[in-house]
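Please look over the sequence and the model shown here.

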Amino acid sequence: MSTVGIARTPAGYVEYVFDADVAPRGAVVSCTIRTGVRARRGHPLVDQAFDDYVHGNFASLNRIVVQQDGGGFAMKAWEQLRDVPAGETVTYTELAQMAGSPRAARAAGTACATNAVMLLVPCHRVVAARGLGGYAFGRDTKLALLAHEGIQFGAA
């Protein structure tokens with residue numbers, strides 16, 4: 001059984017889908033930015049984790065179990081990204097190294113671009129070697145999330 005919730009974040013609202021039928025106790029299987037919506041309670045533990053994140057408890061999102069499908073490298077990259085703490089960034093090259101493939105910076109970018117559970121697998125914390133880099137939900141969203149976590153970027 002799936003539950004859909006809409007939670008407030010520093011970059012707007014995210015809609016998430018919690019599937020109780022995956023993993024031992026369920027997992028978030030998708031999470032994406034939405035506009036023109038209002039908050040709507042979904043799964044209580046997920047809602048509380050997003051509320052805690054907004055109020056500065058950045059580690060709260062790590063309590064949420066996530067599940068998404070991907071190739072071997074993407075799965076490793078997503079797993080490694082969950083260990084990058086708020087307030088820190090890594091480059092695409094560093095993410096590739098963390099995932100065990102030091103020469104796979106482009107694949108690291110692809111893993112970020114195909115991440116179905118944004119914010120929970122924090123691809124906004126991955127930056128280019130010489131600046132901000134891309135983000136599937138746009139530069140302003142990435143900047144807002146990073147600023148909320150204490151990272152300021154100039155004109156990149």
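This is a predicted model: local features need pLDDT of at least 70, side-chain atom pairs count only at pLDDT 80 or more; totals for chains, interfaces and linings use all residues.

In what order do the three strands of the open sheet lie, and is the pairing parallel or antiparallel?

The order of the three strands is E1-E2-E3, and they pair in an antiparallel way to form an open sheet. E1 (2-9) and E3 (27-34) are the edge strands. Each has a single partner strand, so one side of each lacks a neighbour in the sheet. On average, neighbouring strands are turned by 25° against each other, direction ignored.

E2 covers residues 12-19. Seven bridges join E2 to E3, and the two run antiparallel. Phe 18 stands opposite Val 28 of E3.

## Helix H2 and its cover

H2 spans residues 72-81. Its buried residues are Phe 73, Ala 74, Ala 77, Trp 78 and Leu 81. Viewed down the axis of H2, these buried residues fall within an arc of 130°, so they line one face of the helix. The cover over them includes helix H3 (92-98), helix H4 (105-113) and strand E5 (126-127).

## H2 against H4

Two packed helices are described by the angle between their axes and the distance between the axes. For H2 and H4, the axes come within 9 Å and cross at roughly 75°. That makes H2 roughly perpendicular to H4.

Which residues meet where H2 packs on H4? From H2 come Phe 73, Ala 74, Ala 77, Trp 78 and Leu 81. From H4 come Ala 107, Ala 108, Ala 111 and Cys 112.

## Helix H5

H5 runs over residues 139-148. Thr 141, Lys 142, Leu 145 and Leu 146 are buried in H5.

## Cysteines

How many disulfides does a search of the whole structure find? The search finds zero. A disulfide here needs two cysteine sulfur atoms within 2.5 Å.

Consider Cys 112. The closest cysteine sulfur to that of Cys 112 is in Cys 123, at 3.3 Å, which is too far for a bond. Cys 112 counts as buried, because its relative accessibility is 12%. For Cys 31, the closest cysteine sulfur is also in Cys 123, at 12 Å, again too far for a bond. Cys 31 is buried too, with a relative accessibility of 3%.

Where does Leu 119 lie? Its place is in the loop between H4 and E5. Phi of Leu 119 is near 75°, a positive value in a residue other than glycine. Leu 119 counts as buried, at 2% relative accessibility.

Ala 104 lies in the loop between H3 and H4. Its relative accessible area is 16%, so Ala 104 is buried. What does Ala 104 contact, leaving aside its neighbours within four places in sequence? The partners are Phe 73 and Ala 96. Phe 73 is one of the buried residues of H2. Ala 104 and Glu 94 are ten residues apart along the chain, and their C-alpha atoms are separated by 9.6 Å.

Key. Residues are numbered from 1 along each chain as its sequence is written. Side-chain values use heavy atoms; hydrogens and water are left out. Buried means under 20% relative accessible area, exposed over 50%, partly exposed in between (1.4 Å probe, protein chains only). Helices (H or I, at least four residues) and strands (E, at least two) are DSSP runs, numbered from the N terminus. The arc is that of the directions from the helix axis to the C-beta atoms. Contact means heavy atoms within 4.5 Å. Two strands pair if DSSP finds at least two bridges between them. Axes are lines fitted to C-alpha atoms, for helices over the stretch in contact, and angles run from 0 to 180 degrees between N-to-C directions. Angles under 35 degrees count as roughly parallel, over 145 as roughly antiparallel, 65 to 115 as roughly perpendicular and the rest as oblique.
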